Amino acid sequence: MKLSRQFTVFGSAIFCVVIFSLYLMLDRGHLDYPRGPRREGSFPQGQLSILQEKIDHLERLLAENNEIISNIRDSVINLSESVEDGPKGSQGNASQGVAHTRSSQLTLQADPKDCLFASQSGSQHPDVQMLDVYDLIPFDNPDGGVWKQGFDINYEADEWDSEPLQVFVVPHSHNDAGWLKTFNDYFKDKTQYIFNNMVLKLKEDSSMKFMWSEISFLSKWWDIIDIPKKETVKSLLQSGQLEIVTGGWVMPDEATPHYFALIDQLIEGHQWLEKHLGVKPRSGWSIDPFGHSPTMAYLLNRAGFSHMLIQRVHYSVKKHFSLHKTLEFFWRQNWDWGSDTDILCHMMPFYSYDIPHTCGPDPKICCQFDFKRLIGGRFSCPWGVPPEAVSPGNVQNRAQMLLDQYRKKSKLFRTKVLLAPLGDDFRFSEYTEWDLQCKNYEQLFNYLNSQPHLKVKIQFGTLSDYFDALDKATEKNDQPLFPVLSGDFFTYSDRDDHYWSGYFTSRPFYKRMDRIMESRLRAAEILYYFALKQAQKYKISQFLSSPHYTTLTEARRNLGLFQHHDAITGTSKDWVVVDYGTRIFQSLKFLDSIIGDAALLLILKDKNNYQSYSSESFLEMAMKQSSQDSLPKKNVIQLSAKEPRYIVVYNPLEQERNSVISICVSSPTVQVLSDSGKPVEVQVSAVWSDARTISQTAYEISFLAHTLPLGLKVYKILQLESSSSQLANYVLYNDGIAEKGVFHMESMTDATDGMAIENPFIALWFDGSGLMEKMRAKEDGKHHEIKVQFSWYGTTNKRDKSGAYLFLPDGQAQPYVSLKPPFVRVTRGRIYSEVTSFFEHVIHTVRLYNVQGIEGQSVEVSNVVDIRNVHNREIVMRISSKISNQNRFYTDLNGYQIQPRRTMSKLPIQANVYPMTTMTYIQDAAHRLTLLSAQSSGVSSMTSGQIEVFLDRRLMQDDNRGLGQGVHDNKITASLFRILLEKRSGVNMEEDKSPVSYPSLLSHMTSSFLNHPVLPMIVKVKIPPTSVLLNEFPPLLSSLPCDIHLVNLRTIQSKVGSGYSDEAALILHRKGFDCQFSSRGMGLHCSTSQGKMPVQKLFGKFAVESLIPSSLSLMHSPPDAQNISEISLSPMEISTFRIRLR
């Protein structure tokens, strides 16, 4: 009876809501469309435009009505569930004075079918699982003879009688896009000559071949050469003498970049190739990144590649694979239980990609076939035996010596087809080298090919020549010849205990700047395409003819350049780092200008007013960075009692969200109004010039902004005589301050009473140094010991020490010890509360947001690190808990997937450090503890219950990997994290041994919030209080499904000229997530839908003219490509669509 009464009441409420919403729609339809200007001259379309606007508006209102009805339907379902559950689920409001949001009680609606993926996947069993390989390998490093890290290779002379050995000698030149010199200097001194001589030599000798991978250099050369040279290049590509491999903007690092940037630099390279050369690369070539990620294999597969090659893999793994002849394998994603993600991968077996380590196992012999090292040249062979020029008198002896190496190398593979790369860093820059390598090898080839009894066919080739021959050789086999492998190839070691885990953290200032640049570029891309469509619709020539597309392209290229494996890694010379930093800093300024200009156009009620303003004078970012090596600071908004100020807030996420905005203003007595004129709750906090001094001219105001997906919203700020805004309260420990201004401040001599802060979800306790000790999750009331501490690693006293690449510690980390207790400041307010500790080398802040929804459910941790006065130290933040994870932990790869890890006692400390791009976690049957990160870094879990993250490293010496310097250009560096503790349910501990794992949806969303913060912009012009100049801009009809991320909406280049086309690349990623976590009260405005989205329900402000599937980097269209009406994505899938809006 009670139940039916509730439904009757609720049904009546729904009826009222529907009637009221229809009334509002009619009311808004009558009054609210943007009015055309009075002056007919400035608006040639006049009435037509108003009519078009009315039609658009009606379409939108209809769609909104559908949304309202579907939301009501969901609410009924929720209510019926909660009635069935009874009162036991209600928690009540956990904290008074919480900034409420209208969504605070929303429960995530995950389709049960969407939970099947995480519970089923990983059920396939690859032939080679890298986690198992590490168990099998003894890592004992015995002397292998001439092949130091391998073993002796023997063969029988008649092994090739039935099928001759087929050898492809592949000339190449590896060009670093910055390392010991800047990108421009390398081009000027080396690369342009490589290209010029390539054209001459390949034209002259049709049997010679060459391949190239870095499009950043190729495009720079293309811009300065004449048409005949361009035509020659095109004909060389057509004939197959020249091949473009991978074709990304750079050869990227694979440990530290985010997949957004990896995709973006791949698209930039492939788009350039399509436009200027009309070629589509088909083989991947990655010889120098320091370890390899399956994410890269997945992206190449999605771009249409079928083959790839890798080189820098742990020497013990190479030996193991060589023994089992598994150096060629189908690389399959951990989570793929079919074979869709398979790509055939070739692993080079020896120490390096240089000539001494590519012809066979004996570098002393192979070096003699690098003819640039002939006596009298600038290079020699370190093994003491120089090359000899080939002549009729010695050709037999030299050819047989080389063939012996080829045969031995071929014994490590499963076919009679052999790849022999011929190249090194910046090779073939001189015409003489082309000549020497060409003439000497051709004599060797002629001899070998003329001796039938030797059973060898040898020629110059490209990478795809090799893979084509390999495919042909495997066609004959009924059974698959190559094993399937899953897993990754970190952490890399090239010799002894020299693990390359230092670069995961080196130059962290720029790793953080890179992530900011990615988020800003994505925001600019999305807003630019929307604004472009509006500018075309309203014929706003000033926007259409702006240089924005050119500067957007420049920003893409600067971000792409920074993904290079000596850039984002922090492994370049100091001045090269400054060059990268300056490029990113300049692009950030340009992107801010594009965002401001596009936002202005989109929020103007009357688009024709756009001509009256320029974005420079209208909008500016609330945060400004003054130089390439300084931290961003907030701009202060000058308030006056007479005129209101406005801020525009952009939400770059595809989800509706409630996020705390903090900006600086000139007065503590303020009121903030939403666009509907309703006051929002505000916290006023002090702005600190340093630890103990507060500003008397600036105040921080924080409020909860509710923004629609990808939407722009306008807030009004008023200065009042007195204000109801809540002033934050302060308690200061271990010291006092001089001036407290308007704030209530209390000084305490010590912290014996214990410091604590709380919000609706979490309560935290701290020790006397302001370091977190304990957490209580209010959901179940349980206390959890979660301690945060800092530690130092030193460097070993052996000959080889830590440097930019290597981490070689002197033992376990030592606790960070302060000589006296640090000054600690506790802030408590309506919007957030925080504890800040001022140590000598770290300013450490732990913050809780007093809000419902995503931002309230995790702990924000920020550090500002300054280790410029230490020597050979690395500082880490350690989080300790009672979680019994044994030796297992999890790190993400490139922000795309989770890779399980094991801390192994048979390996040294440095081998147990792995790269983290966005998150790491530990778990047991009851809980998962996740550290989410806004920058890439090295992480480890050295003992059970512990996560250790590296914050910065300062090393005074080179680590003998070619850089020739230490890392001592440290900056004051900010890092940002979130700690999330989640309760697990329904866990079978055997699952934790699976090679696959997924974050929860809450974890995914928290990571998105962290990496894509809302962007507040200040309206600089004075707008009269009565004006209705600005409007909110909601481009989407509703949030996308919770598990779908809009990776980018990237305007595609025009086929001719340097401008834009009408199309954009819509890139979507459906995330895999684990359902073993509570999703109640998450405050998510979305559900999941099994990866399906009707196209016409995506956009509110625009109509979709066409949406056509494409390969990831736009190189290929599926054979049956056509306009689709529904997007359908599988879990983990990243897909690109060509979209045209109007």
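I take two strands as paired if DSSP finds at least two bridges between them. Helices (H or I, at least four residues) and strands (E, at least two) are DSSP runs, numbered from the N terminus.

**Ground rules.** I am reading a predicted model, where local features need pLDDT of at least 70, side-chain atom pairs count only at pLDDT 80 or more, and totals for chains, interfaces and linings use all residues. Residues are numbered from 1 along each chain as its sequence is written, and side-chain values use heavy atoms, with hydrogens and water left out.

**Entry 1: an open sheet.** I looked up isoleucine 637 and found valine 665 of strand 19 opposite. Strand 17 and strand 19 (residues 657-665) run parallel, joined by two bridges. I then traced the whole sheet. It is open, has five strands in the order 17-19-23-22-25, and its pairing is mixed. Why is one side of strand 17 and of strand 25 left without a neighbour in the sheet? Strand 17 (636-637) and strand 25 (726-727) stand at the edges, so each has a single partner strand.

**Entry 2: helix 8.** I checked the length of helix 8 (residues 259-276). The expected span is 1.5 Å times one less than the number of residues. For these 18 residues that gives 26 Å, and the end C-alpha atoms are 26 Å apart, which agrees. Next I asked about cover. After the helix I noted glycine 278, with a positive phi near 65°.

**Entry 3: the cores.** I searched for nonpolar cores, meaning sets of buried Ala, Val, Leu, Ile, Met, Phe, Trp, Tyr and Cys residues joined through side-chain atoms within 4.5 Å. The largest has 269 residues, and Phe321, Tyr406, Tyr441 and Phe489 touch the most other members. Helix 15 (residues 508-537) gives the largest share of this core, 16 residues. I listed the contacts (heavy atoms within 4.5 Å) of tyrosine 441, leaving aside neighbours within four places in sequence. They are Val169, Phe369, Phe371, Leu402, Tyr406, Leu422 and Phe460. A second, separate core has 32 residues, including Val684, Ala691, Ala705 and Phe743.

**Entry 4: strand 37.** Is strand 37 (residues 859-865) mostly covered or mostly uncovered? I found five of its seven residues buried, so I wrote "mostly covered". Strand 36 (residues 842-849) runs antiparallel to strand 37, with six bridges joining them. Valine 842 stands opposite valine 865 there. Strand 46 (residues 973-983) is also antiparallel to strand 37, through seven bridges. Serine 862 has leucine 976 of strand 46 as its bridge partner.

Methods. Buried means under 20% relative accessible area, exposed over 50%, partly exposed in between (1.4 Å probe, protein chains only).
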